[in-house]
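Visitor: I'd like to learn how to read the contacts and cores in a model like this one. Could you take me through it?

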Amino acid sequence: MKPFVNIMYFPGTNCEQETVAAFELAGAQTQLVFVNDLLSGRTKITDCDICCFPGGFSFGDHIGTGVVAATLIRDHIPQLVEKNIPTLGICNGFQILMRAGVFCSDVTLTDNDSGVFCSRPVHHRILASDCVWTRGIEDVVLSFPCAHGGGKVIGVDRPASATPALVYEGFSPNGGTIAGFTANDGLILGLMDHPERPYGNSDGQEIFRRGIQHVTWRCVS
Amino acid sequence: MMRVYRAAIHNKDQGAEGVYTIYNLEMERPPDREALAGLFCNPLVEGVTEGMPEGEFVEVMYHNGVIDPQQESIIVACGSLGMEVTAAKVSRRYYGQTRNGVFVNKLVQVAFTEEPILGTLRPRGARKGMELFDLTALSGQELMQLSESRDLHLSLPQMRELAQIQRDERLPQVTDVFLETFAARWSDHCYHTTWRALGLFKLLKDATTRIANQSLVSAFKDNAGGWRFYDGLVAVFKLETHCSPSQKEPFGGQETKLGGVIRDILGYGLGALPVGNIELTVVGEFIHKKFSWLADYVLPAKTIARETIRAISSYGNRMGIPMLLARMLSHPNFGGKTFALGGTVGITTEAAAQKGVPEVGDLFVLVGGRTGNDGLHGATVSSGTMTEHTDTGDSCHVQIGNAFTEQKMVQATVELRDAGCVRAVNDFGAAGIVSAMGELGESVGAWGGVLINLALVPLKCAGLANWQIALSESQERMCYVVIPGKLAEAMAIFDRYQLEATVVGIATGNGRFQMIHDPAATKLSATMALSGEIALDVPYSCFDRCPLPEIEVIEPPETERRTCDADLVNNNDVEEWGLPVVRHFDACNQSRATTQYDSTVQGKMLQGPLYGRNYNILSSLAVLKPVYDKAYGLTVSQSFSPWQFEADPVQAAINMVMDAVVTQVISGVAPEDICLADNFYTPSKDQYAWWYLCKQVRAIADLSVELGTPFITGKDSSSGSSAFDGSKLIINVLPSVCITAMGKIDDVNKLLPCQWQQPGNLLYVVGPQALTLNGSMLSAQSGNTGSWLEGIRVSQAKMYIQKLHELAGSGLVKSAVPINRGGIFLRLFEGIEASGLGVNSVLCAALFPESWGAALVEISEAEARHFVEAYGGLAPFRVGRIIDQADTFEVQDRKLCWNRLYTAWNTTFQREVMA
């Protein structure tokens with residue numbers, strides 16, 4: 001039985017299809033869940049083995065990146081944590097989770113140092129952490145592209161309830177060093193860049209596969 | 001009682017004299033300040049401002065007539081926190097130095113320099129009534145005065161024909177809607193009057209018909225061209241210019257350029273999914289030398305360039321459509337009116353690749369953004385010359401883009417298509433309802449016929465007259481012709497994507513284009529009597545009565561044949577010659593702009609706008625894999641150089657076609673799998689422009705037939721002249737055409753790389769080789785671009801391209817790039833920078849001529865002899881050898897200073913645009 005992934009999307013989200021493709025290539029079955037279906041109760045955020053918040057410009061970045069989406073789903077996030085559902089936030093999905101308070105309040109994401117959007121290939125070194133999405137590939141350098149304008153992590157060096165999971169190796173598109181955080185005992189990973197791009201990127205697939213393997217192993221055990 | 005409450009947000013690390021974002025919320029009860037702070041502040045970096053600083057400021061916000069694009073999201077977010085907001089506007093307040101350079105678009109924005117008193121944020125105002133005219137009573141002079149006073153850009157014969165239509169239809173008077181509708185329908189933009197009068201439209205279409213390429217699905221009849229792909233899919237592409245708006249208000253103009261061409265793809269057939277964008281902008285000189293007086297009249301080229309980058313990044317990234325190719329060029333003749341070209345490619349199914357025929361009773365549903373006064377007369381302005389007054393008053397054609405709305409329409413369009421809800425779809429571009437719904441109405445049944453009730457159109461501005469509602473070019477709107485039995489399903493899809501959708505018209509089949517304004521007529525029927533204000537009621541056949549202008553085609557007098565020779569005699573001077581090439585704006589490192597465009601979204605891009613170890617070399621060929629689990633490739637190349645057109649507009653057109661096709665073929669795409677798009681830019685005030693245009697169109701049509709690569713889409717802009725100081729000063733763009741090629745290949749693994757592969761391999765040039773510097777960037781620096789161009793003869797093109805295709809598939813070529821701007825020298829420079837290898841060139845003077853249509857290929861030494869013998873017909877000549885030394889550029893064993901060249905190449909864009 002393939003693990004079931006809920007891919008949440010909002011008005012303005014534009015990376016949901018590429019994320020579906022990446023998860024399916026990695027061996028999962030997927031379902032796109034529109035935020036209204038969540039808010040109306042038609043779908044529960046926990047009706048899945050894995051939850052993913054893909055990239056894009058939810059609500060057009062109005063008010064601020066991820067702000068409106070975070071406001072809408074903030075009350076649903078504790079259910080993911082409570083049920084120990086591995087969760088992945090990519091780019092805007094990471095920003096949504098950050099604004100929803102998943103990674104504690106003493107870190108945040110802000111504009112790139114350059115002040116502009118940056119789209120280019122980037123290298124990431126995986127740090128040793130308890131993250132289920134990167135377990136077993138510690139110290140490995142993975143290449144997948146960045147595409148963001150507000151991805152610089154700022155705040156305290158050692159946040160209370162989040163751990164850096166990957167850092168930039170070489171060029172940083174936003175001026176910061178941290179490329180992603182993990183939280184909730186390693187079940188949640190938020191990263192600014194796009195492991196789903198391009199389709200079939202073997203480096204990016206490492207992350208999707210590990211998340212899927214985690215729930216597969218958990219189901220079996 | 002409703003009140004406007006304000007919450008100001010500041011960045012914590014800014015001083016008092018900074019920029020403040022102010023959220024203006026119209027609410028019945030005071031907001032929860034703490035909740036607002038949580039919503040609007042990123043608490044680690046931002047704070048709520050308690051009391052605004054003293055001092056002079058400028059605060060900019062949309063005026064009451066325009067709904068802020070962020071309003072919808074603010075209402076949703078506040079609603080989720082239990083705060084009911086009825087209207088919202090976001091303003092920005094600038095103190096101190098930050099006030100400098102603040103741009104206020106007065107058509108839609110208001111600037112406060114004192115504390116604003118905001119009674120309401122909602123649109124207010126009274127609707128203006130229709131104006132009536134008796135054209136039959138007006139003299140020729142009065143008819144022209146009417147045309148000019150309303151910015152109709154209609155000629156006297158056209159105005160007289162309208163008077164005749166009034167007589168024939170026995171109308172006592174005609175309305176302003178009547179005048180504006182005909183002005184739009186008969187504009188150069190919609191009716192292609194110039195091209196029709198010159199017989200050019202037919203010429204190009206006939207060439208495509210003659211080619212009879214099996215991959216052709218649709219050419220010149222839909223919003224875009226359709227090209228058969230694989231597995232029952234159709235690739236779609238379209239490019240369009242948006243020059244006038246982009247010159248006057250570059251951010252809005254460039255945003256809506258992209259938004260418009262994306263909608264062309266959405267509106268193709270029954271709807272297509274956009275999978276890639278193309279961007280080309282040609283600005284004027286950064287320091288006005290040729291036209292030194294121009295600085296008094298136009299925005300600086302730097303501003304246009306920066307705003308272009310900001311707009312394309314802002315809009316394109318939000319849309320989630322990857323950037324395929326992007327380039328910016330500079331030429332003095334584009335200083336009066338920039339060449340703003342945007343393109344989009346898409347994918348749809350064969351079943352949805354043709355528009356259906358609307359049936360009587362089908363419903364015309366207006367979807368997306370609301371209608372306002374942003375963008376009027378875009379179609380008619382295309383018929384005229386831009387002046388320094390073009391953007392004043394109601395005739396303004398500045399538009400406001402809102403990618404958020406359009407992005408939702410992408411998702412909805414595909415879903416509607418697949419649900420079988422729509423019979424046809426069209427996008428709103430120039431001339432608004434008149435164009436989008438008028439065109440769809442024309443295809444109803446045997447005779448055409450549609451009735452539109454303008455009173456049902458949702459408005460974002462108060463007080464719009466009927467003609468403004470009918471003509472408005474407000475962005476992010478589409479018209480779907482929905483099958484009546486499927487209306488509920490279609491509305492559910494629109495609702496799901498939070499798109500406002502309203503039935504505003506019905507297919508009547510009565511042969512007439514009818515528009516009324518009747519708020520009571522909410523239920524439309526195909527046979528209903530016209531009620532309320534009758535704004536328009538004319539047979540469609542009237543629109544075919546446009547008198548075409550008599551255009552005098554004047555051949556330019558023979559002039560002295562000027563040549564710019566490549567009289568470089570030894571390798572001592574190569575570096576000095578090379579410096580102006582690499583630092584030329586057209587050739588320099590533009591990655592600071594290009595990396596601002598998301599080129600990887602959708603996960604389908606194999607090769608985007610940049611490549612190389614430092615990701616900073618502009619690609620000639622973009623490669624997409626539009627189907628995730630298939631190796632099928634969609635390839636796009638584009639060719640344009642103003643310097644070529646300055647030297648010889650006709651041969652330049654041929655060279656552009658050759659370059660665009662060669663770029664594809666030398667990479668491995670079969671010639672018969674390539675189709676073309678033309679985007680002409682012609683200066684109407686240049687007395688010889690029509691001669692050049694006719695010659696150009698014939699030349700590229702003949703060449704397309706010879707090559708078997710048809711033109712399937714295109715656009716002609718004949719408004720490339722700008723007049724200033726009461727028309728005493730005129731700038732004409734060069735008579736020019738940009739050629740874009742789209743190809744397909746069944747396996748992307750067959751494509752050759754553009755990056756050098758192996759030290760020790762040899763580099764050869766194949767194809768037509770130029771001997772002079774005519775039309776080159778280097779000649780531009782000398783001030784003599786020559787008066788003629790070298791290039792391949794049309795009659796030789798087919799044989800050459802076929803041989804080139806054979807070579808690309810031979811296995812001999814390890815990497816390949818076309819030789820175009822900057823000649824071999826620039827290709828070698830880029831090869832070094834991209835690969836991290838070096839080169840030793842045996843050539844010297846031959847490095848600099850620009851051989852458009854030739855290619856640089858990498859061949860292993862072991863196979864070089866066989867290559868030269870087998871492909872002697874391609875006139876191969878050796879350029880040099882790739883060497884295993886990073887950043888090394890040797891010419892006849894003399895080493896050039898790489899750092900000097902690199903610095904020149906790397907700093908131009910920074911200096912001219914970003915600094």
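**Reading the interface and the cores**

Guide: Let's begin with a salt bridge, that is, a side-chain nitrogen of Lys or Arg within 4 Å of a carboxyl oxygen of Asp or Glu. Here Arg496(B) and Asp37(A) form one through their side chains, at 3.3 Å from N to O. The model is predicted, with local features needing pLDDT of at least 70 and side-chain atom pairs pLDDT 80 or more, while totals for chains, interfaces and linings use all residues. Residues are numbered from 1 along each chain as its sequence is written, chains are lettered from A and ligands numbered from 1 in the order in which they are written, and side-chain values use heavy atoms, leaving out hydrogens and water.

Visitor: How many salt bridges are there between chain A and chain B?

Guide: The count is two. For polar contacts, look for N or O atoms within 3.5 Å; within protein, one must be able to donate a hydrogen and the other to accept it, and residues adjacent in sequence count only if both atoms are side-chain atoms. That rule finds 24 residue pairs across the interface of chain A and chain B, both residues at pLDDT 80 or more.

Visitor: What area do chain A and chain B bury between them?

Guide: The size of an interface is often given as the accessible area lost when the parts come together. With a 1.4 Å probe and summing over both parts, chain A and chain B bury about 3,500 Å², 57% of it on carbon and sulfur atoms. On chain A's side, His62(A), Ile63(A) and Tyr199(A) supply 19% of the area buried against chain B, more than any other three residues. If you go by contact (heavy atoms within 4.5 Å), 44 residues of chain A meet 43 of chain B.

Visitor: Which residues touch the most other members of the largest nonpolar core?

Guide: Such a core is a set of buried Ala, Val, Leu, Ile, Met, Phe, Trp, Tyr and Cys residues joined through side-chain atoms within 4.5 Å. Buried means under 20% relative accessible area, exposed over 50%, partly exposed in between (1.4 Å probe, protein chains only). Among the 105 residues of the largest one, the answer is Phe339(B), Val345(B) and Met658(B). Another core lies apart from it, with 89 residues including Cys48(A) and Val122(A).

Visitor: Is Gly767(B) buried or exposed?

Guide: Gly767(B) counts as buried because its relative accessibility is 8%. Leaving out residues up to four places away in sequence, Gly767(B) touches Tyr800(B), Ala854(B) and Leu874(B).

Note on methods
Buried area is the accessible area (1.4 Å probe) that two parts lose on being put together, summed over both.
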